[in-house]
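Please keep the structure open while reading.

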Amino acid sequence: MVKKSRISPIFKRAVSHIFTKPATTKYPFVKPILPEDARCKTVYEIKSCNVIDIGTGLKDGPTVDVRSIVGSNCRVCVRDCPAAAIEIVEVEGKKRPQIRFDKCIFCHQCVESCPRGAITSSIFYELATTDKCALIQKPNPNTKETKSQ
Amino acid sequence: MIDFTLIFRILVFPGFTFILLLTLFCDWIERKIEARIQNRVGPMVAGPAGILQPLADFIKLLTKEDITPRDAKKTIFKFAPLVAFTIMVFAFCFLPIDGTSVFSTSGFSGDLIVILAFATVANFLLFLAGWASCNPYGTIGSARVLTQFLGYDIPLFLIALTPAFIAGSVQIASIASLQAGTFLPFIVLAPWAFVLFVITMQAELEKDPFDVPHSESELVGGLETEFTGAKLAFLHLTRDVQVVFGSALVVELFLGGPYGPVFFGPSWIWYTLWFVLKVIAVVLISEYITTVVARFRIDQVLSGNWRILLPAALLSLMLTVALVTWVYPLVI
Amino acid sequence: MSNNKIDILNVVATKLGTKVQIQPGHLSTGTIIANNGLHRDVLKTMIDADEKTGITAITGLDLGANLGVYYHIHATNAFVTIKTEVPKENPKIQTIVDIHPGSLFHELEVADLLGVIFEGNPTSGHFVLSENWPEGIYPLRKDVKANQVKLVPTPASEKIKLPENERLVKIIIGPQHPALLEPEKFAVTVDGEIVTKVEPRIGYVHRGIEKATESRTYLQDVYLVERICGICNSIHACAFVEAVEKVGKIEIPPRAKYLRVIALELNRLHSHLLTLGHAGLEIGYETLFQYFWRDREPIMDLIELTSGNRVYSSLMTVGGVRRDIKESDIPTIKSVLEDLRGKLPFYRQIYENEPTLKLRMKNVGVLKREDALKLSVVGPVARGSGVDIDVRKDEPYEAYGEIPFKEIVYTEGDTWARMNVRMDEVEESINIIKYAIDHMPTGPFRIDVARSVPAGEAVNRVEAPRGELFYYVRSNGTDMPDRVKVRTPTFANIPSFLKTAIGESIADVPANFVSLDPCFSCTDR
């Protein structure tokens, strides 16, 4: 028995592995399921209505839903963002935050800092596009309909 | 008089096209087996189960830019990969694949030594290719290739003579057909020689654990550093043909060549089938050894050759001669 | 291992008396203010009293009219800071390289970034900054704005000093090389196949993070500091946050301490499995590499489950942690960890019995115990050479004082021993995480803190996967730090590589190098 334990176990394991299922997840044919609080793209509520498509080419893809009660002058998200990815732009006379996903580091500090919960998180992670402008999230100008939510 | 049968045999079957297809197929098997041992999927997208992946890699390399460095020795640099590939395929043509060799003959006495010499020349051309590229990594890499294959050629020749002693001739076709005639492949008569031959073949083909010329951690690309485009495609193809050639040699010398039971119909179909199956079996063994071990250092490779393998080869030869002269005539 | 507690401050006070000023209790064990070259005497006294004395870091800072040079010294059961100041117009100070060779890198860095001239230190040239940085501009001084510096053209060709003896060949490994994950340059002089000298050049990944922390708030700095290294990200954030909490005298709730321990140990598991796999790749053992990385994937899924991201967990914040562990996740965590524990005997048997692996790893890169002590190496490199230092045991932080675990020490000192240290630490980390989950106190996991931190300074040491990580944070009362100094473990371990590579074959250099687990992003910051 002593002699048997001096042989490296990899010889037998290698043969047995030929007949076992591989450990690979065959992405993109099989997509992994992420936990629901994974830190992916922010400010996206995929199932929310009254949102505009920003042009990533996906039909029910990511969109912006900024509630009308956002106090655009508190600017806490702009102040706290470590990557300086949020800036306030003027949309239809109102000032709203615009998030640039080419600068964002997905730390979700803005989700924590916003005192009114206007920025929420989602689990959408397939952000690769060929057009850099598609990564700049312009806020939704239609704030009236969302007031009721 | 143009002999269409001969041209067909050289170009299509069992000549150039067949050898190329067998090479690509064995490359796919190697990659799949290595991947499965490592618990992952191998190629899986190009063609069903990824079987067209080696062909796709070859075609991709052909479309890349072909650069020749300014200081390289142009003639050797440009033509060495292609010439090495041609010599390897030519050496392959002497092996009996479907009962007879590609040239429809059963070879000539001494052709075992000739094709081993061809393989050495092809390896030497690869060394020259790396040397001519005038890159420090290429120079060191090709020097290591030279040291390794020249060193291991000596035990290779010695061990390859073992079946020749048992069969009593230096003609590959006779060695192979003798095993079919007596139904005793030489792996049974001289198993020590089989093991040593497989190990020496690993070193000749520069596979793990004798992988030093390829070790990226030290040498970037070894002798392939400066090659791009079509030249790199042919270098890789030459390596793959060498692997299949080595396996085919093992099959001819120890496993009975293409000869095996014929059940119905023309015999050459069955001979080709047995040949392919046996080559795949040897490729599997070789790839298994490659995957489960680490890589030796260059000084360990060289000391292993001169201190262990060469005395072992001599001992094996002496043992075989003794057995053939005194024991086997009594038993068989 | 000395059992008697030597009171280092008393020893210094007895020997040097009134010539230096001693402040016990400030900055960990105590601070000694010693000007006019007395720092050499203080250090000599300490080394004579305790053989385990070594230098952790040298912080250089801009104090206005003077430049401060702080020596942070570690000894058995003590951590002392020696503060000295030199005027800006004449920033000369005596070197300590002759007393303690392990301080060479630290002095070179302070000289490069702040312009302090160490008399007696013969090395010259840039150490961390690039060749096209203008002379005379020192980035860490307060009056230099980093984005207004004009770079000079790169010198045409590098002056490579060829070895005097013609038989010696100089091989340059790096900056781009398949053996190295990140760019650094090592000029290796070989005689045939034996290495005779190694000259490093670091600084290719220098991003100026220490300067960048001074223009961001503490809240933003947590994320910046986390990105010094990709593999040991949690531990950098934790060390910074703890130092800030020490400055602001903030006490975090007990549940937050246990949650931090879980996050740190998951990080350690991830890092060790990565290194073990990478070592296999360097010696040509691709199968082992694939097996280890396959077993690393469930750990990354666990990190994603607990923190939201597979690599950058971003769990630390000043005042606690950002998230709690859900009750429903705990069975998943435990089952993944038990799976990993079940796979370890297989790997241990490979390390014991596989002949090719032992040929490549045994007796390669041997570091003797005396050299390890003299060069102040840290982490698994030290523990593989018989030096039993582990910050989690010597100076417990977070909840480590309450969690029982073993300290792993091997005495062979070669590559094989260091890899075994890491493998055994994987098992210990699994034990720690399970203990922490089972004994987690209830309560809040975060308290609210003000954005600005009162003035003060603090040091903090934690045990990163690669060794001891050191942070010094100085605050001036606003919400941006005044100075943040980071000393990473690889910075302390590279001098040991310069010693162990000599006398061995050049073919052993990759295996030797990967065994000290280099992380150049950490080294260069």
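**Where chain B meets chain C**

The contact between these two chains involves 21 residues of chain B and 24 residues of chain C. The model is predicted. Chain C also meets chain A, with 24 residues from chain A and 27 residues from chain C taking part. Over all chains, the whole structure holds 51 salt bridges.

**Chain B and chain C**

- About 1,900 Å² is buried between chain B and chain C, and 50% of it lies on carbon and sulfur atoms.
- One salt bridge is counted between chain B and chain C. Arg297(B) and Asp508(C) form a salt bridge in which the closest N and O atoms are 2.8 Å apart.
- Polar contacts between chain B and chain C number nine residue pairs, with both residues at pLDDT 80 or more.
- On the side of chain B that touches chain C, the elements giving two or more residues are helix H2 (16-37), helix H6 (136-167), helix H10 (216-219), helix H12 (267-292) and helix H13 (298-331) of chain B.
- H10(B) gives the largest share of that side, three residues.
- By type, the residues on the side of chain B that touches chain C are eight nonpolar, five polar and eight charged.

**Chain A and chain C**

- Chain A and chain C bury about 2,300 Å² between them, with 45% of this area on carbon and sulfur atoms.
- Three salt bridges are found across the interface of chain A and chain C. Asp80(A) and Arg451(C) meet through their side chains in a salt bridge of 2.5 Å, N to O.
- Between chain A and chain C, eight residue pairs are in polar contact, both residues being at pLDDT 80 or more.
- Helix H1 (10-18), helix H2 (76-80) and helix H3 (109-113) of chain A are the elements that give two or more residues to the side of chain A that touches chain C.
- Four residues, the largest share of this side, come from H1(A).
- The side of chain A that touches chain C has twelve nonpolar, five polar and seven charged residues.

**Strands and hairpins of chain C**

- Strand E3 (residues 54-62) of chain C has nine of its nine residues buried, so the strand is largely enclosed by the rest of the structure.
- E3(C) pairs with strand E4 (residues 66-75) of chain C in the antiparallel sense, over eight bridges. Within this pairing, Thr59(C) has Tyr70(C) in E4(C) as its bridge partner.
- Three residues separate E3(C) and E4(C) in their hairpin, and Gly64(C) in the turn has a positive phi of about 100°.
- Strand E9 (residues 185-191) and strand E10 (residues 194-201) of chain C run antiparallel and are joined by seven bridges. Asp191(C) stands opposite Ile194(C) of E10(C).
- The hairpin of E9(C) and E10(C) has two residues between its strands, and Gly192(C) there takes a positive phi near 75°.

**A buried residue of chain C**

- Leu469(C) is part of strand E14 (residues 467-475) of chain C. Its relative accessibility is 0%, so Leu469(C) counts as buried.
- Between Leu469(C) and Ile235(C) there are 8.3 Å in space, C-alpha to C-alpha, although the two are 234 residues apart in sequence.
- Leaving out residues up to four places away in sequence, Leu469(C) touches residues that include Ile235(C), His236(C), Ala239(C), Val462(C) and Val486(C).

**Salt bridges within chain C**

- Glu245(C) and Arg260(C) form a salt bridge of 2.9 Å, N to O, between their side chains. Glu245(C) is in helix H6 (residues 233-248) and Arg260(C) in helix H7 (residues 254-282) of chain C, so the pair ties together parts 15 residues apart in sequence. Both Glu245(C) and Arg260(C) are buried.
- Glu338(C) and Lys434(C) meet in a side-chain salt bridge of 2.4 Å, N to O. Helix H9 (residues 330-353) of chain C holds Glu338(C) and helix H14 (residues 415-438) of chain C holds Lys434(C), so this pair ties together parts 96 residues apart in sequence. Glu338(C) counts as partly exposed at 34% relative accessibility, whereas Lys434(C), at 19%, counts as buried.

Key: Residues numbered from 1 in each chain as written. Chains lettered and ligands numbered in written order. Predicted model: local features only at pLDDT ≥ 70, side-chain atom pairs only at ≥ 80, totals over all residues. Heavy atoms only, no water. Buried < 20%, exposed > 50% of the residue type's maximum accessible area, 1.4 Å probe, protein only. Pairing = 2+ DSSP bridges. Contact = heavy atoms within 4.5 Å. Buried area = accessible area lost by both parts, 1.4 Å probe. Salt bridge = Lys/Arg side-chain N within 4 Å of Asp/Glu carboxyl O. Polar contact = N/O pair within 3.5 Å; in protein donor to acceptor, adjacent residues only side chain to side chain. Nonpolar A, V, L, I, M, F, W, Y, C, P; charged D, E, K, R; others polar.
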